[in-house]
Amino acid sequence: MRRLLILMALVAGTLVPAAGAFGTPLSTPVNTARTDHTGIGIRLVDAPVATRDDPRARVYIIDHVKPGARIERRIEVSNDTGAPTDVAVYPAAAQIAKGSFVGLEGNTPNELTTWTAVSSPRLRLADGAKKMVDVTIDVPSDAAPGEQYAVLWAQTTSGGSGAVTQVSRVGIRVYLSVGPGGVPASAFKVESFTAERDRSGTPVVAATIHNTGGRALDLRGKLTLSGGPGGLAAGPFPVTLGTTLGLGQTEPVTVRLDKRLPAGPWKAHLSVTSGLLTETAQATLTFPKSGTGQTVSVDQGTSVWWWVGGGLLLLVLLAGGGSFLVRRRHRRSGGAHQAPRRRAGTPAHSAS
């Protein structure tokens, strides 16, 4: 009988199917008994002090290093399956495509995975046990600049002797940028809005985001509506989580709204965040009766750095204006102490 491979992939709380892992559903349930066990778990234990304020760096391995550098982290693998379990710990390649961070099938390698080693590739964990694993990434001195992606997986395999092999794995994303100098700046912009309705008639806002910076982005945010029919306002509505953009990529983030909302027009205000970077944008939207409405451009919001830059420019202008007034007053004051000019035709006094 043909063997089937069932692969459950969970990356830091986000379901990420491995390429080619799904496709043939089980005809009969393996186990329908109710259980409150959560299975195997994995979490990042520590992160660099320099990135302690970045929420992404607390759940993923995110770093920028020069060629020849070494990165060291610790991860914790736990067993809550209800029985002793053998766990394999290993790195595998990942990619960002169509707005998703996807771990590739099995232990597919890339350059980053060949630089990565774990202290305990095989673990035997009792039920309820936890084990710390050291992770080391040695970047070669001749490594090419750029950003690479991988996942550190903790995997269990069962049922190998029967017709079905069930593989479950959970993982931690790795975003590693290599190159000289400091950390490449993150940047993105909201390019457009589209008002839609899904098959159930629920209004949905799709906002197109373009990654214009030097690092990958994990997007979250919220949308509020104002100026609706009769002065109505609604929200905030959360952006659907799970959208990741690689360098130069453009993909939509979506926001599902309340089905009871009137069609509009509405003034939509969107705030999108990745790490410590936030951008805002707004546009006027009217939801169609069905399907996809017209895509509209946005009045690009103003980021905090624009406010800082504007504030600094205002201070420079105020300082320049103040300096000009002081110099002008000084010149006038200096002129008052000079001897009055002699009028034409007035005889000059001569020494006797």
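## The second largest pocket

In this predicted model, the second largest pocket holds about 440 Å³ of space. Its lining is made up of 21 residues, and those closest to the centre of the pocket are Asp54, Val183, Pro184, Ser186 and Leu276. By residue class, the lining divides into eleven nonpolar residues, five polar ones and five charged ones.

Strand β4, which covers residues 61–65, gives the most to this lining, with three residues.

## Overall make-up

The protein contains two helices and 22 strands.

The contacts can be described by how far apart the partners lie in sequence: when contacts between residues at least 6 apart are considered, 71% of them join residues at least 24 apart.

β4 is mostly covered, since five of its five residues are buried. The cover extends to both faces of the strand, with Ile61, Asp63 and Val65 buried on one side and Ile62 and His64 buried on the other.

Strand β12, spanning residues 164–178, pairs with β4 in the parallel sense, and five bridges link the two. Within this pairing, His64 of β4, one of the buried residues named above, stands opposite Ser177 in β12.

With strand β3 (residues 39–44) the pairing runs over six bridges, and here Arg43 stands opposite Glu76 in β5.

With strand β10 (residues 130–138), β5 pairs over nine bridges, again in the antiparallel sense. In that pairing, the bridge partner of Arg73 is Val135 in β10.

## The β15, β19 and β20 pairings

Strand β19 (residues 266–274) likewise has antiparallel pairings with two strands. Seven bridges join β19 to strand β15, which comprises residues 217–226, and Arg220 has Thr273 in β19 as its bridge partner. The pairing of β19 with strand β20 (residues 277–285) is also antiparallel and runs over nine bridges; in β20, Thr278 is the bridge partner of Thr273. Thr273 is therefore a residue of β19 that has a bridge partner on each of these two strands, given that strands are taken as DSSP runs.

The hairpin formed by β19 and β20 has two residues between the strands, and in this hairpin Gly275 takes a positive phi near 65°.

## Trp153 in strand β11

Trp153 lies in strand β11, which runs over residues 146–158. Because its relative accessibility is 0%, and buried means under 20%, Trp153 counts as buried.

Gly106 lies 47 residues from Trp153 along the chain, whereas the C-alpha atoms of these two residues are separated by 9.8 Å.

How values were computed:
Residues numbered from 1 in each chain as written. Predicted model: local features only at pLDDT ≥ 70, side-chain atom pairs only at ≥ 80, totals over all residues. Heavy atoms only, no water. 1 Å grid on protein atoms, 1.4 Å probe; cavity = no way out; pocket = protein on both sides within 12 Å on 5 of 7 lines; lining within 4 Å. Points joined across faces, edges and corners; volume = space filled by probe spheres on them. Helix = DSSP H or I, 4+ residues; strand = E, 2+ residues; numbered from the N terminus. Nonpolar A, V, L, I, M, F, W, Y, C, P; charged D, E, K, R; others polar. Contact = heavy atoms within 4.5 Å. Buried < 20%, exposed > 50% of the residue type's maximum accessible area, 1.4 Å probe, protein only. Pairing = 2+ DSSP bridges.
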